[in-house]
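User: Could you walk me through how to read a few features of a protein model? I'd like the general idea before each case.

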There are 2 protein chains.
Amino acid sequence: MVHKTRNIELTQVTQWEDGNATRVQDYLAAEEPLEMRAGRRSLGVTLRTPGNDEELVAGFIFTEGVISRREDLVAVRLPADGDRERNVARVTLAPKVRLLAGGAARRFSAGSACGVCGKASIDQLRRRGLKRPQSETPFDPEILCQLPEKLREAQQVFGRTGGLHAAALFSAQGKMLVLREDIGRHNAVDKVIGWALLSGRVPLSNHVLLVSGRGGFEIVQKSIAAGIPLLASVSAPSSLAVQLARELGLTLIGFLRGRRFVIYSEEDRIASAAI
Amino acid sequence: MVHKTRNIELTQVTQWEDGNATRVQDYLAAEEPLEMRAGRRSLGVTLRTPGNDEELVAGFIFTEGVISRREDLVAVRLPADGDRERNVARVTLAPKVRLLAGGAARRFSAGSACGVCGKASIDQLRRRGLKRPQSETPFDPEILCQLPEKLREAQQVFGRTGGLHAAALFSAQGKMLVLREDIGRHNAVDKVIGWALLSGRVPLSNHVLLVSGRGGFEIVQKSIAAGIPLLASVSAPSSLAVQLARELGLTLIGFLRGRRFVIYSEEDRIASAAI
């Protein structure tokens, strides 16, 4: 990441269009973990776009029921540049605010929609032994461009409710092996990978996973765990997703629409995109 | 919910179009919590669309690192109709699989993207004292139809990265008070509500919250906590979001596009939509 402002990051990507690959600068939505602590108690962790963090902390602890009115919150101290705990917000609550034990803490951490807690956990993923996914031959960009249409044709429920995410697994030749839908993007991916695991197909070398929504950090992590070398989405990835894909060797593709897409990492896996 | 199939639910809604309100049947994506347990240990909780649950469990515990290969998973027993614990999947692991303590368990529950654990927690929200939000006069549908365009005009970062969710708070007269963006939909909402809390505006009676993505269970819960009577989104809500909105008296609007929208609950708050 070369340039960084409040909530966007600038990075080099490869843009593929109609057979031509070009290196360009592109913006990514910034994503960083933030843990909220009151004394030694963790109130929750969230993966967020930096900016308005005091509001985020106040809104989170209020809407999750840690506090019930403005007066319960005395102060929020945000991490400064150079702080050892750079992703921790310190919350001072009014003396009479009683923190619930056990169940509450779990609800708070679950409320974060934060799978693993950001950059620190890339190391944790390494310790789990996650390895660079394998692929034998480069993927054909012409085949990749056909996948979103195949996904749309196969999605029936989506058309009726407009509320479901989809994930589908394809062979390198563009054959759809399985499609799963869910209200949660991670769940659709878990169902696809679970199908592959139960049918003895893991690791999924030489396969492509296509997701209907955004290619986020968790989806990248899950793909690498299953040995998938190429993850594609029709939308934008986050900065943390790109960072993880680059560090662990997954080819991450975004904005796969028509005869265009953007390659965020490991472009050597795309035939004739290495420039 | 009248009719229920595997992963969609049918329900009565009010469709507003160009000044005409009609009662129609509409499909919702089904959403139910699922907790995964090995013996007494909770491996995680997720809000998911029912269907392919064995795959979901296998994929979740594999991609989150509970197991590292097919042989580690001996069996998944899914809840049957009438089970007391109807949302619990029982996982049998191979004897040599060692569950990590503490840190791991927290990661698993965080990985679920499940804010509160479904229907059981509607009662919990009641116990927290969440009350029906207040509004003095009905909202004008013509004003509602203008809000998405106001949101789009105010969104600058979204245009550049395509990766950010937005939440904006409006007065009943359609004046935008605050707009916040984030890679996480809940965070954008928390920032808006945190802004209102810190500036002494809570409870937000007579206000409208518009979110760019889906109106999910957690967003409904957060809106009610802040006293917001009307939550609108440009996309579809889930079945659990509709249920919570109906039980706690929030007006939930979806598919707000052009001169059309769908009212899922409390349609009396929309002028001339009560039919």
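Analyst: Happy to! Let's start with residue classes: Ala, Val, Leu, Ile, Met, Phe, Trp, Tyr, Cys and Pro count as nonpolar, Asp, Glu, Lys and Arg as charged, and the others, Gly among them, as polar. In this predicted model, the lining of the second largest pocket divides into 13 nonpolar, seven polar and nine charged residues.

User: What volume does the second largest pocket have, and which residues are the closest to its centre?

Analyst: Rolling a probe the size of a water molecule over the atoms shows where empty space is left. Here the second largest pocket has a volume of about 560 Å³. It is lined by 29 residues, and the closest to its centre are A:Phe62, A:Ser68, B:Gly129, B:Leu130 and B:Ala225.

User: How do the axes of helix α7 of chain A and helix α1 of chain B cross, and at what angle?

Analyst: Two packed helices are described by the angle between their axes and the distance between the axes. For α7 (residues 217–225) of chain A and α1 (residues 53–63) of chain B, the axes come within 9 Å and cross at roughly 90 degrees. Angles of 65 to 115 degrees count as roughly perpendicular, so α7(A) is roughly perpendicular to α1(B). In this contact, A:Gln221, A:Lys222 and A:Ala225 meet B:Phe60, B:Phe62 and B:Thr63.

How values were computed. Residues numbered from 1 in each chain as written. Chains lettered and ligands numbered in written order. Predicted model: local features only at pLDDT ≥ 70, side-chain atom pairs only at ≥ 80, totals over all residues. Heavy atoms only, no water. Axes fitted to C-alpha atoms, helices over the stretch in contact; angles between N-to-C directions. Helix = DSSP H or I, 4+ residues; strand = E, 2+ residues; numbered from the N terminus. Parallel < 35°, antiparallel > 145°, perpendicular 65-115°, else oblique. Contact = heavy atoms within 4.5 Å. 1 Å grid on protein atoms, 1.4 Å probe; cavity = no way out; pocket = protein on both sides within 12 Å on 5 of 7 lines; lining within 4 Å. Points joined across faces, edges and corners; volume = space filled by probe spheres on them.
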